[in-house]
Amino acid sequence: MITKRIIPCLDVKEGRVVKGVSFVNLRDAGDPIELAAHYDQAGADELIFLDISASHEGRKTMVEVVEKAAGQLSIPFTVGGGIASVEDIFRMLRAGADKISMNTAAVLNPELIEAGARRFGSQCMVVAIDAKYEPEIQDWIVYTHGGRIPTEHRAVNWAQEVVKRGAGEILLTSMDADGHKDGFDIQLTQAVSEAVQVPVIASGGAGNEQHFYEVFSNTQATAALAASIFHFQEVSLSSVKTYLKERGVEVR
Amino acid sequence: MLAIIDYGMGNLHSLSKALERMGYDYVITSDPDVLRKANGLILPGVGAFGDAMYELAIRGIDTVIKAEALEGKPLLGICLGMQLLFSSSDENGYYEGLNLLPGHVARFRGELRIPHMGWNWLFFKHPHPLFRDLSEDYVYFVHSYYVQAANSEDVIATTNYGTSVPAIVARNQIYGMQFHPEKSGKLGLKLLNQFARLVEKVGVDVS
């Protein structure tokens, strides 16, 4: 059967990797291409580049990053951040991205999912959902703008809606778990992954090898994402994979 | 010279860079004359089957690809490009393909996550020059429809996803890979390299 995927995520701003990268063995730890190539060699199944540039110039730089990445990597990669139109999607796919991810734009303009899926196929349309548990209503609420603005959408319903509109994959980030390194949000991940038929990437909370095993054995997530634990070499891709293999989870 | 067929359906950048890294000459084109002069053709593609056939037809290259392949020029279809080699597809309605290989393309059924997305094991079914010195490994798939080949001997490698899924097809000089060789790590690149090498050999023989 198909293997579970482990996906490092790189935050890129104005063409440089930001947010905690402390690779000692890289010539330039801020170079997204060098870091991506390292992860490719180390056994990453896919990569995600998240463009957090605020400026127009930064966004143009991202296209160059994508072109270089496509020329060097032998694994697929997704580009997210700042994608708000069919033209933006086209530009990134043409530059060599395998998939694009949209978050705020999908909420503000859900027709964009349909337009993108119709033109480029669902397989390259990832919708990222940032969700936070709201105790008052005992449900998860979808946030936009990097987790700053709550919406009226509930995570499970929203996931089903974006799939209906043509999303081929969901990147699900638990805002409650993110940054705590206490493990993935099992309840949220299970609720969403059992509600949709497309692949779901669990994100937020990875701190050690066991956390990956927990999310794959307790939910239907088909992939798991982490950033800082890989960047800071707290956990290696190979140790995660070995741990999973030893416990019967099929990985590459 | 390899011709990568550009008909607005797909990510050509990674594929062309992979060929470049391996030292092959290539051209990205939709010009029928260039396709006729090339030693081998690569038909990539992502998106929907019917749209792809339409895009080939309006460029007048569906007939060129077919004629060249039937003349014995090596042709490699990748992902949707492999599906287009077959007779027909159910994707968003019924569409006829290039019909170079007999078979139908249908959507995955049952309790499966769709698309079939990620790394899955490639089983070599028959000995084939494409596999020379290679071992089975994982390769990267992303597709919602799969080929139901009418001739099982055309299927030289498979993967399992709910059912046995054709992953590499080959008949004479017509090849197809359902996965993305340019995105499938070392084995993917080696398979792409084998195809390119077969093309060069055929190209020399022809001239």
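Which residues does F77(A) touch, not counting residues up to four places away in sequence? The list is L47(A), F49(A), V66(A), A69(A), A70(A), G96(A), A97(A), D98(A), K99(A) and K183(B). Here a touch, or contact, means heavy atoms within 4.5 Å.

This is a predicted model: local features need pLDDT of at least 70, side-chain atom pairs count only at pLDDT 80 or more, and totals for chains, interfaces and linings use all residues. Residues are numbered from 1 along each chain as its sequence is written, chains are lettered from A in the order in which they are written, and side-chain values use heavy atoms, leaving out hydrogens and water.

F77(A) belongs to the largest nonpolar core, which has 80 residues. Such a core is a set of buried Ala, Val, Leu, Ile, Met, Phe, Trp, Tyr and Cys residues joined through side-chain atoms within 4.5 Å. Buried means under 20% relative accessible area, with a 1.4 Å probe and protein chains only. F77(A), M102(A), F212(A) and F230(A) touch the most other members. A second, separate core holds 34 residues, including I78(B) and F179(B).

Now look at the rings. Rings of Phe, Tyr and Trp (its six-membered ring) pair if their centres lie within 6.5 Å; planes under 30 degrees apart count as stacked, over 60 as edge-to-face and the rest as tilted. Over all chains, the count comes to 14 aromatic pairs. One of them, F108(B) with Y146(B), is stacked, at 4.9 Å centre to centre and 20 degrees between the planes. F108(B) is buried, at 4% relative accessible area. Y146(B) is buried too, at 10%.

Note on methods
Buried < 20%, exposed > 50% of the residue type's maximum accessible area, 1.4 Å probe, protein only.
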